[in-house]
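This report describes a protein model for a reader who is new to it. The sequence and structure are shown below.

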Amino acid sequence: MYKLLSHNDLDGVGCGILAKLAFGNDVHVRYNSISSLDREVSKFLEKDDKDTFLIITDLSVNEENEKKLNEHYEAVGKVQLIDHHKTALHFNNYHWGHVVVENEDGKLTSATSLLYDYLVEAGHLEKKESIAEFVELVRQYDTWEWEKNDNQQAHQLNALFFLVSIEEFEEKMLERLQSSDHFDFDEFEKRILAMEDNKIERYIRRKKRELVQLEVDKKFAGIVYAESYHSELGNELGKEYSHLDYIVILNMGSKKISFRTIHDDVDVSEVASEYGGGGHAKASGCSMTVEAYNLFVAETFYLEPLREDAKYNKFNVKGSSFGTMYQSQLDELFFVHPTEADKWVIERNGMHIDEQFEHFEDAERFLKRHHQAWLVRDDLFVKDLMEKVKELREDK
Ligand SMILES: [Mn+2]
């Protein structure tokens with residue numbers, strides 16, 4: 001008998017599906033949140049079941065269970081932990097730990113892709129095209145590689161995962177992977193997925209207007225409340241407000257916090273670990289501790305949301321050698337323009353600030369980080385110019 005304890009996201013459930021393909025009725029699968037895994041592992045170890053082979057995927061255990069699992073392994077030998085999170089690498093010190101973040105070919109792994117290789121190598125599962133395709137979709141979604149590759153099928157697989165219950169998803173995928181040569185969605189799924197795409201787009205558009213900015217430990221965070229589409233949201237908000245180091249997504253119902261970043265020089269697993277959580281460099285999470293609540297909820301409650309940059313300007317455009325106009329929440333006007341010495345400077349209410357910048361982007365980033373300013377619409381820009389011209393004339 002096998003028991004699989006896995007994560008309750010697409011990658012974790014991908015592992016459950018593979019285990020059921022490999023072991024059929026001989027495996028008992030249970031999906032867990034990050035916080036409920038240790039309870040399940042303790043329960044398993046208390047039963048002192050010597051016949052069941054325990055596999056843990058996409059999650060890792062706390063120190064106490066780490067020790068107990070090792071004792072169990074030394075006594076019974078039936079433990080395997082498979083994970084791809086950087087924070088779990090120390091499990092490679094054990095015979096029963098297999099943690100790989102990146103393959104030899106430089107590709108990021110997922111728990112599902114690691115378990116697939118493990119099951120095939122151990123002779124539990126036969127290689128099959130449709131299964132390999134499914135595994136690759138899960139891997140691309142989980143590592144966010146799908147976005148770079150514009151792999152909509154991977155994105156849609158995750159959307160489908162959230163549209164149906166875990167049981168229904170498992171059942172559909174098991175049936176499909178067993179009976180089809182290639183992985184694809186059926187006509188009905190394609191239709192509801194198209195509807196879902198529209199819904200996500202509208203949801204994200206709304207959330208873009210609710211983001212507030214907070215400086216935490218010399219880094220700038222964007223904070224938003226959301227119950228769904230955390231990855232899509234983190235990515236879109238990160239791109240829209242690229243001056244922010246990372247995005248914090250608060251789910252008050254589940255008392256959970258997600259952290260996302262689009263920047264290679266920011267590691268949100270470090271941010272999450274400040275509050276007792278963990279995860280990847282680009283995606284992490286934690287429970288909402290009192291400390292995290294006070295910082296991200298209480299302290300930000302009265303903040304005004306950031307404003308988006310004007311989108312359809314013809315005159316007030318970024319990086320213009322003529323200059324670019326911004327406005328802050330305090331109604332101050334800023335003007336970013338190049339100097340004769342090929343530097344970029346910022347004018348605040350008509351006065352130059354001390355800093356000078358190499359590139360326009362650096363000046364804009366500074367402005368957005370320290371003044372939460374946004375690109376104003378053409379009409380305000382033109383009105384301001386007209387006033388300036390009028391003043392000049394009157395001075396003569
Ligand atoms: Mn994963």
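Strand β7 (residues 219-225) and β6 run antiparallel and are joined by five bridges. Strands count as paired if DSSP finds at least two bridges between them; helices (H or I, at least four residues) and strands (E, at least two) are DSSP runs, numbered from the N terminus. Opposite Lys219 in β7 stands Val216. The model is a predicted one, in which local features need pLDDT of at least 70 and side-chain atom pairs count only at pLDDT 80 or more, while totals for chains, interfaces and linings use all residues. Residue numbers start from 1 along each chain as its sequence is written.

Both strands belong to an open sheet of six strands with mixed pairing, in the order β6-β7-β8-β9-β11-β10. Its edge strands, β6 (212-216) and β10 (278-279), each pair on one side only. Helix α12 (residues 290-298) packs on this sheet and touches β6, β7, β8 (246-251), β9 (256-260) and β11 (283-287). The direction of α12 makes about 105° with that of β8; axes are lines fitted to C-alpha atoms, for helices over the stretch in contact, and angles run from 0 to 180 degrees between N-to-C directions.

The table sets them side by side.

| Strands | Bridges | Residues between the strands | Positive phi |
|---|---|---|---|
| β13 (residues 333-338) and β14 (residues 344-348) | five | five | Asp342, near 70° |
| β14 and β15 (residues 351-357) | four | two | Asn349, near 45° |

Pairing is antiparallel for β13 with β14, and likewise antiparallel for β14 with β15. Pro338 stands opposite Trp344 in β14, and Glu347 stands opposite His352 in β15.

Helix α9 (residues 187-207) meets helix α10 (residues 230-240): their axes come within 10 Å and cross at roughly 50°. α9 is therefore oblique to α10, given that angles under 35 degrees count as roughly parallel, over 145 as roughly antiparallel, 65 to 115 as roughly perpendicular and the rest as oblique. In this contact, Ile200, Ile204 and Lys207 of α9 meet Glu232, Leu233, Glu236 and Leu237 of α10, where contact requires C-beta atoms, placed from the backbone, to lie within 7 Å.

At the level of the whole protein, the domain assignment gives domain 1 (2-185), domain 2 (209-298) and domain 3 (324-395); such bounds come from an automatic or database domain assignment. The centres of domain 2 and domain 3, taken over C-alpha atoms, are separated by 30 Å.

Definitions and conventions: Contact = placed C-beta atoms within 7 Å.
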